[in-house]
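I opened my notebook to jot down what I looked up in this model. Come along and check each entry against the structure.

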Amino acid sequence: MSARDRVREANPAFYERYSMLEDTDEFWEFLIKPLRQSVRVNTLKAPLEVVVERLSEEFKLEPIPWVREGFFIDVDNLARVPEHGLGLIFGQEASSMIPPVVLGPRPGELVLDMAAAPGSKTGQIAQYMENEGCIIANDPKLSRANVLIANLNRMGVLIARVTTRDGAYFGRFENLFDRILLDAPCSSVGMIRKRWKFLEGWRLKGVIRYMNVQKRLILAAYKALKPGGTLVYSTCTIDPLENEEVVDYILRKTDARLEPIDLPVKTSEPVLEWEGREYPEELRKALRIHPNDNDTEAFFVAKITKPEGEG
Ligand SMILES: C[S@@+](CC[C@H](N)C(=O)[O-])C[C@H]1O[C@@H](n2cnc3c(N)ncnc32)[C@H](O)[C@@H]1O
């Protein structure tokens, strides 16, 4: 049975909706094909070259073009690799390494990771901050916050304070944070390559519920951002309602600006028209990544700034 037929059989409504986005055989094949394993080298614990040299003795590593510390690796069970247990490497999907790169945090800054668990991006942010400054790593789901704490400990992150608030809570800290990552809760279509249940369980009403949460969170995040600061909005899903619609919302509601992203990553056309809605050309600056673009999870990444002087 073809990938297209498998998707159609598992969830006809899903197939019908996303065949309007892209309808190539390649798209459907990569949407369900198992993911390649990838890791991020944790430079908080050891120099990049040392870890790469050590791993290369045992495994085939292929650099990920858009992240200096990222590699595809031919390993079946990462848990059995000692460097993983020691926190020298962290299993992280290749496209999920993009948002912290785009965020570009620096040592000494105050950063909010609004939806942080299980913490792969918090660790990457801490690595770019060289463990100097402060990261508020927030996640309201207690079981996930516990995993977040364990992961931050394993990665040797010393500058994170974990909180368990609804992300919208941070809206009251107006103009406070130098940088904010909102890696939003989403319908996780990108994760079908890891878990089939995300395909079978997909419902349009779930997409709409997530969109409403995402709009609430992005507005709070923008309020909490310092003038001159950077907010990165990302999801691992392909629905325009959770991506272009949410970014268009913050552009319309505030004086937020969308910035271009210059990375060696292949992208798909942004959606500028969807179900009667129209989005501005400016949305071309965001990255819409489909699974077949780079053989990764699907991702959407937008870089937003707040003009200096904004109250
Ligand atoms: C895509 S995951 C985050 C992945 C994480 N950034 C990483 O890279 O490891 C989205 C997270 O949002 C959290 N979440 C759900 N509702 C939220 C809310 N109202 N405010 C903040 N976070 C929320 C979920 O518990 C989930 O852990």
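**Cysteines.** I began with the rule that a disulfide is a pair of cysteine sulfur atoms within 2.5 Å. How many disulfides does a search of the whole structure find? My search gave 0.

Before going on, I noted that this is a predicted model, where local features need pLDDT of at least 70, side-chain atom pairs count only at pLDDT 80 or more, and totals for chains, interfaces and linings use all residues. I also noted that residues are numbered from 1 along each chain as its sequence is written, and that side-chain values use heavy atoms, with hydrogens and water left out.

Next I checked accessibility (buried means under 20% relative accessible area, exposed over 50%, partly exposed in between, with a 1.4 Å probe and protein chains only). C236 came out buried, at 13% relative accessible area. C134 counts as partly exposed because its relative accessibility is 22%.

I then turned to helices and strands, which are DSSP runs numbered from the N terminus (helices are H or I, at least four residues; strands are E, at least two).

Which strands pair with β14? I counted two strands as paired if DSSP finds at least two bridges between them.

- Strand β9 (residues 225-235) pairs with β14 in the antiparallel sense, over 6 bridges; here T230 is opposite T305.
- Strand β10 (residues 257-259) is antiparallel to β14 over 3 bridges, with L258 opposite I304.
- Strand β13 (residues 287-289) also pairs with β14 in the antiparallel sense, over 3 bridges, and I289 has F299 as its bridge partner.

**Helix α7.** Is helix α7 (residues 120-128) enclosed or open? I found 9 of the 9 residues buried, so α7 is largely enclosed by the rest of the structure. Among those buried residues are K121, Q124, Q127 and Y128. After α7 comes E130, with a positive phi near 50 degrees.

**H84.** My last stop was H84, which sits in helix α5 (residues 82-85). H84 is buried, with a relative accessible area of 17%. What does H84 touch, leaving aside its neighbours within four places in sequence? Taking contact as heavy atoms within 4.5 Å, I listed L78, A79, I89, G91 and R154 for H84.
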